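User: Hi! Could you walk me through the ligand site and a couple of residues in this model?
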Amino acid sequence: MRVEEFRTGLRAWLDEHDLSPVHDKSLDGDMAQLSRVRRALFDAGWMRWGWPEHAGGLGGPTILRAVLGEEVATRGLAEPGIYSLIEVLAPTLIRYGSPELLAFVPLLLSGEETWCQGFSEPGAGSDLASLTTRAVRDGAEWVIDGQKVWTSLAQYAQRCLLLARTSGPGHRGISAFLVDMDSPGVLVRPIETMHGVDEFAEVFFDGVRVPADRMIGAVGQGWEIAMSILPDERSSCFWHRVAHLYTRLDRLLAAAPAGSERALGEAFLDLHAIRSTSLRTQHRRARGEPLGAETSIDKILIASAEQRLFDTARDLLPGVVEYEESPWREEYLYSRAATIYGGTAEIQRNIVAKRLLSLGDE
Ligand SMILES: Cc1cc2nc3c(=O)[nH]c(=O)nc-3n(C[C@H](O)[C@H](O)[C@H](O)COP(=O)(O)OP(=O)(O)OC[C@H]3O[C@@H](n4cnc5c(N)ncnc54)[C@H](O)[C@@H]3O)c2cc1C
């Protein structure tokens, strides 16, 4: 399937099949809407293009997934952050998982299941390699003890892509598992964000028994697996988010008073910069080029474009952020997280300085 053929067919199909949100604006509502959209797109085949056939997809270039996400975001069919989580977890499982584990992928693509990413811990965020959740082998099972935090959507998830320590310190001692969230010993405690949504959670693992065939890849391969997520997260996911941000720029253009052109132009330029950079990243990925430290530039650009956009809304529409219970307020507050999740702004700048500009450690 070629990109233009896919886009034209998809748009015609979406014009005929109205998937506009029918649920109330809440996290429960967003999750129900996401499942509805995924189910319909999966049954019609759109959700399966760009995913390999051996994982339940229909094949074709991965860029088709970016085109689909762009269309979903532009039409406001699903909340882009939760829609894109699939791009963080499924490609990695497909790359490293056994055929038995790959059988779970269609459940995710079709909206039947939600998965979460159990990486961060109270003492291990930027310094992820210091994580302490332990997995100890006991016959045909691993027994997991520890705590994760900031786990997005954990309270909705059926599975967790979990990193745990299977041997000594450092990144070589880390392994990855696909854990059933209804296993005895898993406790999920949602945390409310400052924009008033229980988007993430603390997750406790107390003697959780996981069958050995739920390990993703080999013992000690967890770090490599975690690092392999970045190119996926920073190509399709960012493309979806940029499409969403353009819809907000359009709203701002419609609402801003006369004389706002300069501020709007600056917000547009930031968005244009990340869209152009992201387009290049998509094409590099499509050509099979390895993506590495340079995707930190994409991360820096998207986080600053998002924050600039909502800062501009705050400045041009006085009061919408401070005093009103408006969508601007919620999105403004959420945009503050853009310089934290998926690698903080400081860490990305360190990577650019050290690995791309060879500026050394200081
Ligand atoms: C909305 C949201 C959703 C998230 N979802 C998930 C999820 O689903 N799964 C998951 O595992 N995690 C998730 N996270 C967690 C996220 O990955 C971590 O917040 C992030 O890795 C930073 O870790 P930390 O919060 O422990 O901060 P820390 O690593 O403690 O950093 C604190 C501050 O110190 C700075 N800092 C740290 N080290 C350095 C250094 N060497 N040089 C310069 N500055 C430094 C950081 O930039 C930051 O400003 C989510 C976070 C958010 C905000």
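Analyst: Happy to. A polar contact here is a pair of N or O atoms within 3.5 Å; within protein, one must be able to donate a hydrogen and the other to accept it, and residues adjacent in sequence count only if both atoms are side-chain atoms. This is a predicted model, where local features need pLDDT of at least 70, side-chain atom pairs count only at pLDDT 80 or more, and totals for chains, interfaces and linings use all residues. Residues are numbered from 1 along each chain as its sequence is written, and side-chain values use heavy atoms, with hydrogens and water left out.

User: How far is a polar backbone atom of Ser-120 from an oxygen atom of the ligand?
Analyst: Ser-120 is among the closest of the 18 residues that surround the ligand (a residue is near a molecule if one of its heavy atoms lies within 4 Å of it). For the polar backbone atom of Ser-120, the distance to a ligand oxygen is 2.7 Å.

User: How many charged residues does the shell around the ligand have?
Analyst: Asp, Glu, Lys and Arg count as charged; Ala, Val, Leu, Ile, Met, Phe, Trp, Tyr, Cys and Pro as nonpolar; and the others, Gly among them, as polar. The shell has eight nonpolar and eight polar residues. The number of charged residues is two.

User: Is Glu-294 buried, partly exposed or exposed?
Analyst: Glu-294 is found in the loop between helix H8 (261–286) and helix H9 (295–316); helices are DSSP runs of H or I, at least four residues, numbered from the N terminus. Buried means under 20% relative accessible area, exposed over 50%, and partly exposed in between (1.4 Å probe, protein chains only). Because its relative accessibility is 24%, Glu-294 counts as partly exposed.

User: With which residue's side chain does the side chain of Glu-294 make a polar contact?
Analyst: Not counting residues up to four places away in sequence, Glu-294 touches Arg-284 and Leu-356, where contact means heavy atoms within 4.5 Å. The polar contact between side chains, at 3.2 Å, is with Arg-284.

User: Why does Ser-84 count as buried?
Analyst: Ser-84 is found in helix H4 (residues 80–96). Leaving aside neighbours within four places in sequence, Ser-84 is in contact with Cys-237 and His-240. Ser-84 counts as buried because its relative accessibility is 6%.

Technical notes: Helices (H or I, at least four residues) and strands (E, at least two) are DSSP runs, numbered from the N terminus.
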